[in-house]
Amino acid sequence: MVGGRCRVRLGPVLSNQKRARRKLPGAGWWEYGGEERSEALAGEERQNWCLQPGKNYQWIQPPKCSPPFRVEVKIKCGEEPYRASLEGRCNEMGEERKIDWRKWKQEKKEEKKKWKERKLLRKLEKKRVQELMEKKKEEAASKEDKGRHYTVSVALPGSILNNAQSPELRTYLAGQIARACTIFCVDEIVVFDEQGEGSKTTEGEFDGIKKRGQACVQLARILQYLECPQYLRKSFFPKHQDLQFAGLLNPLDSPHHVRIDEESEYREGVVVSRPTKPGRGSFVNCGMRKEVQIDKQLEAGLRVTVRLEEQQNPDSKTRKGTVVSSHQPRTASGLYWGYSVRLASCLSAVFAECPFKEGYDLSVGTSERGTSVDQAVVPPFSHALIVFGGLHGLEAGVDADPNLEVSDPSTVFDLYLNTCPSQGSRAIRTEEAILISLSALRPRIDEAAKKKTGATE
């Protein structure tokens, strides 16, 4: 008996010396039934017996043996093969009894059926508990809504760059605007042309800052460059003269500019050109030590927002994530996720080409000729637009717009405010006006947003 099993050795059959070996479960051994059996048990070494057809063999087991069973052993005597049927019979007292194999098989079948039923019940119970936990999480998330459901947009003319004396100063001016908008969580920056003939794209080569409309393109390009996370800039911004001095600018350091080892629920990434198996998602470079495999097949070179799964295998070569909308970090978690940049050919195009289906339900114009901001009451809104003028104020932009047939700019906006009453300087530069106006309007915007949320609930 070795390792809880018995070893059966079939001795030499007739004249050949070949041996056959068969392992059987349980504790005990096979012996030849007959007068020789007692001699085999009494000897110090158990003899090797030849299984012969027509002979009766029995399974000798100690008390408390395992359930009896029946096996068939194929033996060969000379050149003719035989098949011997061996039956095991035992009880706790070692007495022989006949086994009802049909009944035994039926009992085994019923036990297996009950085991499968118990396994299925455990599986269903586990699934029910998981669904209950997910339902509780959803209810808790709905009760504790941390998201920000309103947006703030800023519109300004690109001609403000023409007031800078050198390419370095033009670049630095654009960096100041980007920093101001990031500090006050502006979601959209619209660059419009006061002359009404500006370009609508940042693609193309640099043709000189003095060309009409080129200032808008350069401003928009620098704003896009600064908003993009550092690890993605090589993928989206080739070498360009407009960005010659962008390396001198202060970084925005906004929440979506995540460090390589920093933990974050969301990350910006670019889809890499890497083959994947059918049914598997694409791989995305999210500025981490490992690439992220998403749930969809997307075109290489596309910028995406990825929500990382919480439980990750540390030994895995990649991480798992889900592609989500770029607005989800703001609406679901209340995170500021950068701004989008849009070009408009004129002031009226700022309103006409609004990316929101409902449009801007609150528009604010800023001018020294407007009403004092101290007396202003901001109504509840979903999408607010704050418009700033250029070197000659908003009045110049309204007069140059062929689509606006008004003489009074205040009629174009819901609120026409002077955000810095009693100013000590004759003129306030646009980059300064952005900081002043957003500082004055911020508490009023927050109060209006709370009213909007309370009315919705």
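**Exercise 1.** Determine what share of the 457 residues in the protein chain is buried.

*Solution.* Buried means under 20% relative accessible area, with exposed over 50% and partly exposed in between (1.4 Å probe, protein chains only). By this criterion, buried residues make up 42% of the chain. The model is predicted: local features need pLDDT of at least 70, side-chain atom pairs count only at pLDDT 80 or more, and totals for chains, interfaces and linings use all residues. Residues are numbered from 1 along each chain as its sequence is written, and side-chain values use heavy atoms, leaving out hydrogens and water.

**Exercise 2.** Describe the span and the burial of helix 4.

*Solution.* Helices are DSSP runs (H or I, at least four residues), numbered from the N terminus. Helix 4 covers residues 214–227, which is 14 residues. From first C-alpha to last, helix 4 reaches 20 Å, close to the 20 Å expected at 1.5 Å a residue; the expected span is 1.5 Å times one less than the number of residues.

**Exercise 3.** Locate Asp242 and state whether Asp242 is buried or exposed.

*Solution.* Asp242 lies in the loop between helix 5 (233–236) and strand 9 (266–271); a strand is a DSSP run of E, at least two residues. Asp242 counts as buried because its relative accessibility is 1%. The Asp242 side chain makes a polar contact with the side chain of Arg221 at 2.3 Å. Such a contact is a pair of N or O atoms within 3.5 Å; within protein, one must be able to donate a hydrogen and the other to accept it, and residues adjacent in sequence count only if both atoms are side-chain atoms.
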